[in-house]
Structure formats: C-alpha cells, structure tokens
Amino acid sequence: MGVAADALRLRLTRAIRPDIGDEVDSHLHSWLLEKAGRLHRERAPELDAILGTRCGDSQQTLSSRLTDAGFEPTWRKVDMVHDLNTPRPTDAPTPPELVIVPFETRYDERTWRAHNDAYAASPSAAVLDRESWQQHATGLSSFLPGASFVAVTPEDDVAAFVLTVRDTDDDRRNDAVLECVGTRVAWRRRGLARTLVAEALRACRTNGFERVRLQADSANSAAIELYVKLGFIETGRGYSVLTRRLKASGNT
Ligand SMILES: CC(C)(COP(=O)(O)OP(=O)(O)OC[C@H]1O[C@@H](n2cnc3c(N)ncnc32)[C@H](O)[C@@H]1OP(=O)(O)O)[C@@H](O)C(=O)NCCC(=O)NCCS
C-alpha cells in the first residue's frame with residue numbers, strides 16, 4: 001500500500017473457501033506472515049512496516065491467530081441493516097429556514113465541501129479531493145440520486161446530506177446502501193440527519209428496495225445512536241482492522 005508516516009504499509013488479504021479445513025487456513029496464515037516479512041526485507045528494510053488485515057466479527061479462529069501473532073485491533077466497523085417492511089421512522093422537527101430536497105447534480109460540489117467539513121474530525125475518514133469524491137458516491141454508476149437528499153440553507157449551500165447507492169453485490173439486488181451521512185457542525189443536533197435518513201428510507205421503499213444497509217465506525221456513538229433510533233439493527237457481519245508493526249531491521 002506504499003509508504004506513509006515513514007512506514008511501509010502492507011495489507012494482508014485472504015479469501016478462502018468456507019469448506020476448506022483448519023489446517024489449510026492455518027498454513028495460509030503462516031505463509032502470509034512469512035511473505036509479509038520477506039516483502040519488508042526486500043522493499044524497505046530501513047523502515048518499520050505496518051501490517052494490516054481485516055477480521056470478520058464471526059471469524060473467532062482467525063481473530064485468535066492474529067492476536068497470537070501480535071496483531072492489535074485498530075478500529076471496527078459495525079454492519080447494520082434496516083428492514084423496509086418494518087414501521088416507518090417518524091420525522092424529527094428540522095430548522096424551518098432549511099429546505100430538504102432530493103440530490104441534484106448542481107449540488108455536487110457543495111455536497112463535496114459539506115462532506116469534507118462534516119467528516120473533518122472523523123479519524124477513519126479521508127479528506128476527499130475532487131477525483132476521489134467522484135469515486136465515493138455521486139459519480140458511481142450505483143448512485144441513487146432519488147434516494148439521496150440534501151438540506152439546503154437560504155444561501156443555497158448544503159448544511160447536511162445523505163447519499164445512497166444500490167448494493168452491487170449480486171446476492172443483494174434488493175438492497176440499498178447509505179454511503180455517507182453528514183451534518184456540518186453548525187447545524188448539528190437539530191434533527192437534520194434523522195430527517196434526511198428517514199427521507200432516504202422512504203425513497204428506497206418507494207423504489208422497491210427491501211433493505212437498507214450501512215457500515216459505521218464502532219467508536220462513532222453519535223452515528224450508531226442515530227441509526228438505532230431509525231430502526232437499524234446490527235447484522236453481526238461487521239469487521240475489525242488489526243495491525244502489527246515490524247521493526248526496521250526487517251526481522252519479523
Ligand atoms: C452523526 C451525524 C451525521 C449526526 O447529525 P445530526 O444532524 O447532528 O443528527 P440529528 O440532530 O438528526 O440527531 C438524531 C439523533 O442522533 C443521535 N445523535 C446525534 N448526534 C449525537 C451526538 N453527538 N452524541 C450522541 N447522540 C447523537 C441522537 O440520538 C439524536 O437524537 P436527539 O438529538 O433527539 O438526542 C453528525 O454528527 C456528523 O455529521 N458526524 C460526522 C460524520 C459522520 O460520522 N457520519 C456518519 C458516518 S456513518
């Protein structure tokens with residue numbers, strides 16, 4: 001993954017058939033660690049290396065192996081779902097000077113700026129440049145403008161937003177995904193996120209979706225409380241990212 005903060009970053013990724021036995025799994029784990037050590041020695045022995053890997057909430061054996069190998073949890077994503085057949089969440093009163101409208105292309109740049117402002121203090125969120133913003137939501141072929149909403153100020157700026165995409169997983173054709181939700185600091189705790197997400201849920205239901213999914217940082221208690229209030233529940237399909245540092249000598 002390149003060099004950042006004077007450390008070589010290596011991502012360990014594994015995909016394994018569920019019917020493969022534990023012996024192969026264990027062997028693959030050891031091989032990956034050995035390969036990471038070798039890459040470190042070959043590519044940047046003068047730097048520390050940081051190994052990063054994902055572990056699903058249900059992968060108990062892998063979690064123990066990673067802990068035994070010196071990996072520590074860095075952050076965790078909670079996976080949540082809202083069943084659109086359950087009763088509709090009620091709207092919160094919102095500031096009367098704001099208007100909530102479906103997303104339109106003319107709001108794209110203002111939404112991008114609002115996004116970077118809203119997420120500025122979030123440790124795991126990147127500040128997006130124009131190009132990465134396009135890949136983030138509104139430029140994706142899966143983007144659902146009719147199920148995405150912005151709260152617009154009297155100055156025609158964006159105070160808060162929710163951006164929704166179609167789930168691209170073949171097994172989840174009837175699912176939509178809340179890609180990002182944010183409220184600029186000055187407008188927080190006034191019911192905007194709650195109203196915007198409720199609007200998005202309504203639009204998804206009208207468009208024939210059955211479920212709406214999302215992932216949130218487990219440390220983001222504000223967001224998790226918001227989603228629970230709106231009827232989202234945890235699926236148990238979240239994951240943690242664990243990291244381990246290898247010292248500059250190149251020795252694991
Ligand atoms: C999370 C966020 C979108 C909430 O926006 P908001 O417009 O302030 O939220 P609302 O006013 O609609 O709040 C609705 C409910 O969410 C919960 N909530 C919102 N902010 C909260 C906070 N700081 N602490 C605890 N609960 C909070 C509360 O239950 C709140 O209801 P209440 O005000 O009646 O108690 C906003 O804080 C934000 O933009 N954060 C940074 C970006 C982010 O983390 N997005 C979510 C990524 S998954």
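Into which domains is the chain divided? In this predicted model, the chain falls into domain 1, which takes in 3-76 + 239-246, and domain 2, which covers 87-230. If you look at the C-alpha centres of domain 1 and domain 2, you will find them 33 Å apart.

Let me begin with strand β11, residues 239-246, a stretch that is listed within domain 1. Strand β11 runs antiparallel to β3, residues 48-56, and eight bridges join the two; within that pairing, Gly56 has Tyr239 of β11 as its bridge partner. Strand β11 also pairs with β4, residues 72-83, again in the antiparallel sense, over five bridges, and here Arg76 stands opposite Ser240 of β11.

In a regular strand, the side chains alternate between the two faces of the sheet. For β11, the covered face carries Ser240, Leu242, Arg244 and Leu246, while Tyr239, Val241, Thr243 and Arg245 make up the uncovered one.

Let me turn now to the ligand, which has 23 residues around it, and of these Thr183, Arg188, Ala193, Ala222 and Leu226 come nearest. Which elements each supply at least two residues of the shell around the ligand? They are β8, residues 175-183, together with the helices α5, residues 192-206, and α6, residues 221-229, and it is α6 that gives the most, with six residues.

How values were computed
Residues are numbered from 1 along each chain as its sequence is written. This is a predicted model: local features need pLDDT of at least 70, side-chain atom pairs count only at pLDDT 80 or more; totals for chains, interfaces and linings use all residues. A residue is near a molecule or strand if its C-beta atom, placed from the backbone, lies within 6 Å of it. Helices (H or I, at least four residues) and strands (E, at least two) are DSSP runs, numbered from the N terminus. A residue is buried if 20 or more other C-beta atoms lie within 10 Å of its own, exposed if 12 or fewer, and partly exposed in between; C-beta atoms are placed from the backbone. Two strands pair if DSSP finds at least two bridges between them. Domain bounds come from an automatic or database domain assignment.
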